[in-house]
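Subject: A structure for you to look at

Hi there,

Here is the structure I promised to pass on. Please open it alongside this email, and I will walk you through what turned up.

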Amino acid sequence: MKIEVTINGEKRQVETAGHRRLLDVLRDEFALFGTKEGCGEGECGACTVLLEGEVVNSCLIAVGQVNGKSLTTIEGMADGQTLHVIQQALIDFGGAQCGICTPGVALCAKWALEKEPNASKERLRELMSGNICRCTGYQAIVDAVVSAQEGADS
Amino acid sequence: MVENKKLFSVGQDIGRVDGVAKVNGSAQYVDDLSYPGMWHGMTKRSEVAHGVLKAIVKGAGSGETAFDWSDIVVVTAADIPGRNTILLMEEDQPALVSVGNHIRHMDEAVALVAAPTRARALAALGALEIEVEELAAAVTPDEALKAEVKIYGDDNIFKSFLIEKGDEDIDTLLASCAHVVEGTYRTGAQEQMYIETQGMISRWDGENCHIIGSMQCPFYVQKAMRTLLDITDDALVVEQAVTGGGFGGKEEYPSMIAGHAALLAKKAGVPVKLIYERDEDIAATTKRHPSVVKHRMGFDEAGNIVAIDIDVVFDGGAYLTLTPVVLSRGVLHAAGPYRCANTRVRGRAVATNTPPHGAFRGFGAPQTTFAYERQMQKAAKALGMSQFALREKCMLVEGDTTSTSQLLKGSVGSIEVMAAVKEHDAKALDTRIDDSAGASIRRGRGLAFYFHGAGFTGSGEARLAGRATVALSASGQFEVRSSSTDIGQGVRTMFSQISATALGVEVDAIEVVVPATNKVPDSGPTVASRTTMVVGKVVHEASVALREKIEAWAADKGMQGMGLREAGAAMAREEGEVAITSQYKPPEGIEWDDETYTGSAYPCYGWAACLIDVSVDLDTAEVTIDRCVHAVDLGKAINPTIVKGQIEGGTLQSLGWALWEEVIYKGGKVQNDRMTNCIIPTFSDAPEMTTILVEEAFDFGPHGAKGVGEIPMDGPCAAVVNAVEDALGELASASSFDTLPLTPEAIGRALRSVS
Ligand code: FES
Ligand code: FES
């Protein structure tokens with residue numbers, strides 16, 4: 001089928017089978033390799049993208065489901081060369097080590113802070129618990145997100 | 001000391017050099033790479049734990065029409081140009097089981113397929129049939145020790161060690177002790193669960209082979225390929241792609257995948273990408289060795305340790321891989337960081353018909369650390385001493401000797417790490433018994449104290465003589481060239497800081513080259529908490545030598561007073577590239593006897609203490625970690641944020657291993673091969689952590705730094721289990737807490753067995 005989708009603010013089209021995983025279409029058709037695969041079954045969050053502003057696992061979404069909708073991938077998070085405050089905080093606080101989880105973590109944090117700007121640390125951990133990181137022990141990510149949250153307040 | 005932050009970046013929190021690429025998604029991991037005409041490879045695996053491979057048949061498939069093999073390449077052992085082995089320590093492990101030979105574990109590679117698409121490769125895998133004569137298997141060490149099924153040699157023992165200290169008979173001494181504490185400690189396999197699964201791409205240009213992928217040790221891959229592909233080093237390039245976590249899991253196994261990708265690419269005549277699916281990665285690749293540690297400790301009335309007797313058994317799996325070295329580290333740490341004149345440590349690693357176990361952060365030490373720190377908790381109770389008091393009384397300090405009779409001369413942070421966590425012990429637990437709000441909560445506190453030898457064992461570093469190059473390129477750029485791979489731990493950033501500081505330039509003047517075997521010298525593998533301490537030292541020395549060379553050149557030209565960057569640029573314009581390669585020279589006075597296992601086992605040790613508070617819900621048997629304070633002596637923090645990240649990540653892996661992470665085997669096959677059922681901790685499981693960096697400088701490390709990669713994995717497991725025992729007290733027997741993982745199911749069983 002023909003899929004029309006707005007990705008990072010840009011209208012894109014592709015002719016493909018509607019049952020293909022959104023993850024594969026993003027990577028193979030649109031060359032958006034920042035969306036990663038860690039498990040392929042909705043468990044790790046490495047494939048996180050925002051669909052109409054909501055967090056989804058692109059490994060579980062058929063591309064047919066996003067027809068006519070809008071997506072944000074990690075490639076759309078920064079404003080040109082200027083990193084999003086969450087991205088910068090992840091660097092500053094050491095929230096990215098091997099980095100394979102980081103695109104998903106960054107997008108999920110953006111979603112969490114937009115959804116609940118005043119979320120407590122504990123609540124942030126809950127909101128982000130669909131994204132698994134094996135490297136950091138999560139502390140540096142939590143610290144980074146809290147600092148981005150505080151930055152947004154001030 | 002120079003206090004200009006920009007010119008003295010060591011000790012500063014500069015953001016990681018690869019940070020931007022990682023947060024904006026542009027970092028290229030192996031699965032993000034492709035080459036024109038690239039095909040996809042997959043691996044056909046055994047479905048028995050032991051058997052003889054009789055035949056490999058291109059079948060008709062299950063579809064209505066016979067499977068079309070015309071666009072499929074199949075590789076079997078018969079296609080191997082060199083010797084059929086993945087060489088690291090020994091040649092026992094084949095790259096592919098050959099027809100007529102033994103399959104020794106489930107999910108062992110028997111054949112490979114490649115096709116233009118993954119879907120076609122998957123279909124081919126289904127149509128490829130293997131015929132096997134199944135044999136009796138020995139899937140546990142107990143079964144294997146009977147030696148009825150022969151897996152390795154005559155007795156299925158990969159390696160054994162005996163370490164003895166003191167002249168007196170251990171059994172007699174123990175019989176005379178006022179208190180003897182005994183226990184049998186068991187730990188399960190642990191999956192590294194790097195979020196990027198393993199993968200490689202290989203391409204050939206005539207006789208020249210290129211391999212790129214996710215790995216810790218490019219020169220290990222090179223060594224294995226020499227034998228397997230019968231290729232010279234000149235004809236082979238092994239290059240690291242950005243690597244999505246390793247933790248030891250990408251130390252030895254990548255050689256297998258590299259070999260497979262190269263064999264497929266050679267036969268197919270196109271580049272071939274081989275990326276593991278998660279279930280395949282969990283089922284087939286190496287994990288932490290399961291262990292059984294029997295431990296006896298005798299104390300006098302005052303709480304001094306009189307004698308220690310330990311028996312360690314590790315399950316090695318079906319092939320040797322690095323098992324002897326893992327066992328070595330396990331036994332060398334087994335007696336713990338405690339003073340005792342009489343110790344006996346026996347260790348055996350047993351071959352079983354399970355997928356091989358191998359390197360995982362900690363490398364044998366977490367298993368034996370768990371045992372001795374459970375012992376110390378029991379001993380303190382038996383002696384009526386506080387958990388701190390007993391450890392403070394017995395812990396090694398400068399001037400003491402370890403179980404290998406190594407005299408500790410300096411950089412011993414035992415007193416400091418203990419004092420650092422003790423400050424946090426002042427805060428009392430919330431009510432120990434909390435039955436308010438309709439729940440039944442029990443709270444407890446646990447302590448663990450441990451050490452970890454940094455670098456290779458004994459004379460390992462001297463033999464290895466790792467090299468690194470610091471160069472001023474022809475274009476005037478400073479480059480650090482080493483084979484130390486950045487697998488997330490931040491080595492590229494820390495080497496930039498070490499080199500920039502030695503050169504006296506800003507960090508952004510340094511480019512740390514991504515390792516490829518044709519671009520960097522062999523600095524040794526990225527393992528064993530050795531990278532910062534050993535390779536970092538070599539980088540420091542080469543950088544100092546390069547600075548002196550540039551300064552001398554500038555002085556000669558009458559250009560004194562010019563900054564090093566400008567002088568370097570001028571020199572590069574006139575002289576072209578200037579490169580200095582340094583080699584590791586171990587500190588004097590390191591003496592080690594490989595026969596008796598006595599002497600300086602490691603050049604120095606990291607020291608750590610961890611204090612954990614937990615709440616246990618009696619109704620659900622769930623453990624919540626309320627507080628985690630971890631003090632680690634690492635000599636010098638080259639980059640505090642980065643090393644703190646290492647400690648926090650290692651801590652959670654240790655806590656996960658203790659409470660949740662379990663690999664379940666049945667008949668030698670992994671049963672839970674998905675992230676849904678092979679769980680690791682999430683944001684919500686992880687505690688808020690307080691990490692305290694203690695800096696007892698190691699004079700021979702760069703700026704005093706010593707290894708930190710592994711020590712955080714060693715002890716938090718024991719601290720959290722000690723806390724759970726403290727919380728539950730009389731509600732369960734002490735031995736219920738001697739087996740990992742201590743899952744809610746296990747806690748539930750323990751509670752039921754008493755009530
Ligand atoms: S790859 Fe989609 S959740 Fe893991
Ligand atoms: S940074 Fe490696 S998995 Fe999160």
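Buried area is the accessible area, found with a 1.4 Å probe, that two parts lose on being put together, summed over both. Keep in mind as you read that this is a predicted model.

With that idea in hand, let's look at where the two chains meet. Between chain B and chain A, about 3700 Å² is buried, and carbon and sulfur atoms give 57% of that area. On the chain B side, the residues that lose the most area to chain A are Val23(B), Ile195(B) and Phe683(B), which together make up 25% of what that side buries. The contact involves 43 residues from chain A and 48 residues from chain B.

What about charges and polar groups? There are 7 salt bridges across the interface of chain B and chain A. One pairs Glu688(B) with Arg125(A), whose closest N and O atoms are 3.0 Å apart.

In chain B, helix H1 (19-23) and helix H16 (640-659) are the elements that give two or more residues to the side touching chain A. H16(B) supplies the largest share, 7 residues. Sorted by class, that side of chain B holds 18 nonpolar, 19 polar and 11 charged residues.

Finally, have a look at helix H19 (residues 744-754) of chain B. Its buried residues are Ala746(B), Ile747(B), Gly748(B), Ala750(B) and Leu751(B). The buried residues of H19(B) pack against strand E25 (622-633) and helix H18 (716-728) of chain B.

Enjoy exploring!

How values were computed:
Residues are numbered from 1 along each chain as its sequence is written. Chains are lettered from A and ligands numbered from 1 in the order in which they are written. This is a predicted model: local features need pLDDT of at least 70, side-chain atom pairs count only at pLDDT 80 or more; totals for chains, interfaces and linings use all residues. Side-chain values use heavy atoms; hydrogens and water are left out. Contact means heavy atoms within 4.5 Å. A salt bridge is a side-chain nitrogen of Lys or Arg within 4 Å of a carboxyl oxygen of Asp or Glu. Helices (H or I, at least four residues) and strands (E, at least two) are DSSP runs, numbered from the N terminus. Ala, Val, Leu, Ile, Met, Phe, Trp, Tyr, Cys and Pro count as nonpolar, Asp, Glu, Lys and Arg as charged, and the others, Gly among them, as polar. Buried means under 20% relative accessible area, exposed over 50%, partly exposed in between (1.4 Å probe, protein chains only).
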